[in-house]
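Please have the structure open while you go through them.

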Amino acid sequence: MESGMNKKIGFAGLGQMGRWMALNLIKNGFPVIVYDISEAAMDVLAAEGARKADSPACLAGESDWIFFSLPDSDSVEQVVYGPEGIAREARDGQRIIDLGTSNYLWTKAFAERLKNDGMIFSDAPVTGMEDRAKEATLTIMFGGEKEVLAEVSPALEALGNKIVYMGGIGNGQLAKMINNVLLNVHLAALAEILPMAVKLGLDPRETSRVINSGSGQSFASRLFLPEILNNSFNHGYPMDHAYKDMVNAVEISAREKIPIPVVHSALSTYQTAMRSGYGKEDKGAMIKHFEKLLNVKIR
């Protein structure tokens, strides 16, 4: 059997995170064939040594393992079962690993569908944003068969420095969702509390210094408060994209009858901010709604 380093890897999705992950696989000596709807994105990787696929089906025909870094569940389904999808050329036992953020409940159902068609699906979403994707220091949360994790670990180790086995299929996405929702809740709280502080006479920069050196600090405050104060709202994913994690959480809450009142409240903040026209900006832009409501300026 070929060693892990000799495995041919198909990689679909060369966006903000995917391009760096594919590049790190190349740098670590893996033969990589890439597919993206953007020809320009594929050209960038081709200049670094990747081969370009004409369609997702080509990934299955020419790869041992296939990795996705796609924006959502619909994109994954299209790449697998679309007109030129992977399913057309997939071999029995084809390994498919989803590095993107997909719906937890959908992942469990989709894995069963692929299993019935002879493919083995695993979810391995990452956390760490673009800088850590570039540095190959991502945290990877793997859900699926332990045997598959052991097999594809050489490739995952080229992408991140912390690989955590979360359990069965879907558990990687569940862990990622929980992590993202906590970040989102922290940001929603910052968005309403800082304008209140300024409305009552506190200086926004000095208040931010107190928050980020005191017990009120969080990853969200450390990452986003400096950007907010500098009037920068293009850090990370747009709010419209991040919203899916909140929707997934409340859907699980409804199905499983698990109360999560704080998350539901934060969801309302997201919805209000997006209705106010801030959905194309990053999540820190939620603060703009409360600035307008209280007639104050943080920036």
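1. Arg209 and Glu206 join their side chains in a salt bridge, at 3.0 Å from N to O. By salt bridge I mean a side-chain nitrogen of Lys or Arg within 4 Å of a carboxyl oxygen of Asp or Glu. The two residues sit three apart in helix α9 (residues 204-211), so about one helical turn separates them. Helices here are DSSP runs of H or I with at least four residues, strands are E runs of at least two, and both are numbered from the N terminus.

2. A word on the ground rules: this is a predicted model, where local features need pLDDT of at least 70, side-chain atom pairs count only at pLDDT 80 or more, and totals for chains, interfaces and linings use all residues. Residues are numbered from 1 along each chain as its sequence is written, and side-chain values use heavy atoms, with hydrogens and water left out.

3. The cut-offs are under 20% relative accessible area for buried, over 50% for exposed and partly exposed in between, with a 1.4 Å probe and protein chains only.

4. The salt-bridge count comes to twelve. One of these is Lys52 with Glu39, whose closest N and O atoms are 2.8 Å apart. That pair links distant parts of the chain, with Lys52 in strand β3 and Glu39 in helix α2, 13 residues apart. Both ends are partly exposed: Lys52 has a relative accessible area of 34%, and Glu39 comes in at 45%.

5. Have a look at Arg113 and Glu77 too, a salt bridge with its closest N and O atoms 2.8 Å apart. Arg113 belongs to helix α5 (residues 104-116) and Glu77 to helix α4 (residues 73-81), so this pair ties together parts 36 residues apart in sequence. Arg113 is partly exposed at 36% relative accessibility, and so is Glu77 at 27%.

6. Asn180 is buried, with a relative accessible area of 12%. Which residues does Asn180 contact, leaving aside neighbours within four places in sequence? They are Thr101 and Asp245, where contact means heavy atoms within 4.5 Å.

7. Last, Gly49 is in the loop between α2 (39-46) and β3 (51-52). Gly49 is exposed, with a relative accessible area of 54%. From Gly49 to Leu23 the C-alpha to C-alpha distance is 8.8 Å, across 26 residues of sequence.
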